[in-house]
Each structure stands twice: as structure tokens, then as C-alpha cells.
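Subject: Structure handover

Hello,

Here is the structure you asked for. My notes follow below it.

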Amino acid sequence: MAWRICIEKNKAIIVFEDDILISRGWEKTLNKLIVENNLEFDFILLGWNFDSVLRAELFPGINITSLFDPPYPNEEELLEVLNNQHKTKLHKLKNAFGLPGYIITPKCAKKLINFLLPLKAEKIHISRGIPELTSYTLDAQLNKFYKKINAYVSIDPIAIALNNPEESLTNRRNNPRKFLNN
């Protein structure tokens, strides 16, 4: 597990899923975000799954909860999002699903291993208007933990998973692409 390597090396590491798209110049962007903000962090989420919810602190004490449309953008649309000319910012992370890429510190890795493992099914409340759900996966379980650490999310995203709606755990029955191919 990557978290154990992080602890053994006593260095923050970046973890990427194998099926992600990543923005051009991501290393420079990420270094700039951390240095410019003189950021002390435990965890930085570099993107999230567009077929689910994102909740972050937009301003101190003011949160934003977002659902994305379309939930399954195609590769061209995702690359447009990743390589736009907007100024990427880090916001305090409250809730998100998907782990296309993230940075984790050794201190955080130790906490996560002790707090989250073994994984168990638990109810997670996100925000008003979002139904409570039962969590079974690592990225869902992390939602219980984000508020307890210095967790941030990169908006605009730096990494995005190219989710296959046929395999997505968030949308097994209602594949929006099935109508596009007919």
C-alpha cells in the first residue's frame, strides 16, 4: 500500500490512479499552490469523480456543494477542464468521492491507517439536499476523515478519472451514455 511507503520513507507522496487524465504542467501548478499559500497540509485531493458530489469551503465558514452535469464527461471534455486557463485554487475539503490523485503526508498516512482500516459500512451525511448514504469504499470512508485533518481539494482539478459509467459504483443502473450510442 502506498501509505505504508509514505510512512517508511517519511516523505509526502503523490498517488495517482491508473486511469486518470492529468493537466499539462501539473507539477508546476501543484508546487506553486503549495508554496504560494505557505500551505501546511495533510492531504490534497487533486480531483474527484464528476459522477458524484464535491463539497468544499468556498470562503471561511461558507461551503459549496456541487453536482456536475454531465456526470460522465467524455475524454475531450475532461481534457478541456484540466487544461483550461483558469487559476487553480486550493479549498478546504469537506466531502468528495473519487481518488484520481492526491498528496498525502506520513503523519496523515499513519492516522488514516489507524482510523480507516479495516473498512466497514457506515452512514455518511454530506450536506443538505444530498441523501445520506452507506459507505463501503476507501474514498467514501475518507469523507468521515477530511474534517479532522488539513485536507484540501484543487479546484480546478489537476487530475480526473476517466470513469466508465458501465463500471461506476455511483451509477450502475442509469448509464447516461447508453442512449448516445443508439
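A word on residue classes before the notes: Ala, Val, Leu, Ile, Met, Phe, Trp, Tyr, Cys and Pro count as nonpolar, Asp, Glu, Lys and Arg as charged, and the others, Gly among them, as polar. This is a predicted model, where local features need pLDDT of at least 70, side-chain atom pairs count only at pLDDT 80 or more, and totals for chains, interfaces and linings use all residues. Residues are numbered from 1 along each chain as its sequence is written, and side-chain values use heavy atoms, with hydrogens and water left out.

Pocket

Volume here is the space filled by probe spheres set on the points, which are joined across faces, edges and corners. Its lining has 19 residues, and R24, T29, N84, H86 and T88 lie nearest the centre. A lining residue has an atom within 4 Å of a point. Two or more residues each come from α2 (26-36) and α3 (75-82). α2 gives the most, with 5. By class, the lining has 5 nonpolar, 8 polar and 6 charged residues. Helices (H or I, at least four residues) and strands (E, at least two) are DSSP runs, numbered from the N terminus.

Cavity

The whole structure has 1 cavity of 30 Å³ or more. A cavity is a set of points where a 1.4 Å probe fits but cannot get out. The largest cavity holds about 60 Å³ of space. It is lined by 11 residues, with P71, Y72, P73, A161 and N163 closest to its centre. That lining divides into 8 nonpolar, 1 polar and 2 charged residues.

Helix contact

W3, R4, C6 and I7 in α1 meet P106, A109, K110, L112, I113 and L116 in α4. Contact means heavy atoms within 4.5 Å. The contact residues are 8 nonpolar, no polar and 2 charged.

Backbone

Two peptide bonds to look at are cis. One joins D69 and P70, with omega about 5 degrees. P70 sits in the loop between β5 (62-67) and α3. The other runs from I155 to D156, with omega near 5 degrees. D156 is in the loop between β10 (151-155) and β11 (159-161). N10 is not a glycine, yet has a positive phi of about 55 degrees. N10 lies in the loop between α1 and β1 (13-16).

Best wishes

How values were computed. 1 Å grid on protein atoms, 1.4 Å probe; cavity = no way out; pocket = protein on both sides within 12 Å on 5 of 7 lines; lining within 4 Å.
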